Amino acid sequence: AGGRFPDEIEVVQSRLIRSVGRVRGPDGRFVYLKAMTFPRLKDRIRYLFRALPGRHEARMLEVLRQRAGEELPGPRPLGVVARRRGVWPAVSVLALEGLDVADPSEVTFDEAVRVAEKLASIGFEHPDLHSGNLLRLRDGRVAVLDFQSAQTVSGPLGEAARARLATKLWQGVWPEADPEALVQHGLIGTSVLPKVMEGASVEQRRNLERRILRCLRTSTEFQRRRGPFFSEHTRRGVPGPVERVVPTQVSARELWLGDRVRELVDGVSPLLAGARLGLGPGSRRGALYIAGGGAASEFAVVEASLSEAYRRCFDSGGRLRSAADLRSAGIDFGAIL
């Protein structure tokens, strides 16, 4: 998934549509390769009438260099391969020069806000500006990564775009961050701060919901197969034999989602290898697939654990609880997202 690299290239990230690999260049520095394929129809449609991601990111990095110079560095593009089959996107590969990163390379929230304000002042909207895309270089500067979805305007960003940058930053993982920094460093005005705080809370909840529900569709971690009266969901790469267990008290869907909640919220290893969920009037019927042997005889304990995890996050109508209720239940958005 996401394209395959030759054996001499070290894979550092592998997802359904994107893989990142690296190899040392002649000067001893790493060269990074971002490869994307488009296995799902929605991915192909997304890039049907727009530049393929490698070409777009290379262009955005060049514009960043022109507008910010050395003040706000990003990785230097070395080359792009972007191919289509007819009008449909087929593959996109972007080669980037590795940055001279400090170790450790943590960036403070104040520094992140100053970077965001600089981007806003030169007309860059970066929709994925979080701690993972900011790196400290050995010379002390902060570099920005992942311009795949970035957009530019001819002048400084307006209030709405600045608020989006601030919202993305605040919903991230920043220990002991002070939201007033968003105002103090000029990213947003004082009157906008309450809306940004509220928006960040809403986005945290939405992101958690998306991550939980990912187990119900084809993604990097899961595979979905549909039948006329069922949908089957399995974890990718689960080793060993599996047992089929048919629950009697709780729907298979709730238990499958409960297993995903335990994985994300509690940080524990999943108990289930997959689930077969009934559709229509028989939707409560189904089966669970448990990796390894012997789990069937202890299923009552497994069922209670998964059911409790599900109820912690979902209400009786099957909707994810509000952000306030989730926090009251001990959900730490920062640790999860």
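The model is predicted: local features need pLDDT of at least 70, side-chain atom pairs count only at pLDDT 80 or more, and totals for chains, interfaces and linings use all residues. Residues are numbered from 1 along each chain as its sequence is written, and side-chain values use heavy atoms, with hydrogens and water left out. Helices (H or I, at least four residues) and strands (E, at least two) are DSSP runs, numbered from the N terminus.

**Open sheet**

- The order β1-β2-β3-β5-β4 describes an open sheet of 5 strands with antiparallel pairing. Two strands count as paired if DSSP finds at least two bridges between them.
- β1 (10–14) and β4 (77–85) are the edge strands, and each pairs on one side only.
- From one strand to the next, the twist averages 15°. The axes behind this angle are lines fitted to C-alpha atoms (for helices over the stretch in contact), and angles run from 0 to 180 degrees between N-to-C directions.
- Inside the sheet, 7 bridges link β3 (residues 30–37) to β5 in the antiparallel sense. Thr37 stands opposite Val91 in β5.

**Strand β13 and its partners**

- Of the 7 residues of β13 (residues 272–278), 6 are buried, so the strand is largely enclosed by the rest of the structure. Buried means under 20% relative accessible area, exposed over 50%, and partly exposed in between (1.4 Å probe, protein chains only).
- β11 (residues 230–235) runs antiparallel to β13, joined by 5 bridges. Phe230 faces Gly278 of β13 in this pairing.
- β14 (residues 286–291) is also antiparallel to β13, again with 5 bridges. Here Leu272 has Ile290 of β14 as its bridge partner.

**Helix α3**

- α3 (residues 109–121) has 13 residues, which at 1.5 Å a residue should span 18 Å; its end C-alpha atoms are 18 Å apart, which agrees. The expected span is 1.5 Å times one less than the number of residues.
- Its buried residues are Phe109, Glu111, Ala112, Val113, Val115, Ala116, Leu119 and Ala120.
- These buried residues pack against α2 (53–68), β6 (124–125), β7 (134–136), β8 (142–144), α4 (159–170) and α5 (181–184). Contact means heavy atoms within 4.5 Å.

**Nonpolar cores**

- The largest nonpolar core has 43 residues, and Leu182 and Leu187 have the most contacts inside it. Such a core is a set of buried Ala, Val, Leu, Ile, Met, Phe, Trp, Tyr and Cys residues joined through side-chain atoms within 4.5 Å.
- α2, β5 (88–97), α3, β8, α4, α5 and α6 (193–213) each give two or more residues to this core. The largest share, 7 residues, comes from α3.
- Leu187 touches residues including Val113, Ala116, Ala120, Leu165, Leu169 and Leu182, not counting residues up to four places away in sequence.
- A second, separate core has 31 residues, among them Cys215, Leu216, Phe299 and Val302.
- In soluble globular proteins, nonpolar side chains tend to be buried together.

- Thr167 belongs to helix α4. At 12% relative accessibility, Thr167 counts as buried. Leaving out residues up to four places away in sequence, Thr167 touches Val196, Gly199, Ala200 and Glu203.
- Ser307 sits in helix α8 (residues 299–313). Ser307 is buried, with a relative accessible area of 8%. Leaving out residues up to four places away in sequence, Ser307 touches Val250 and Leu255.
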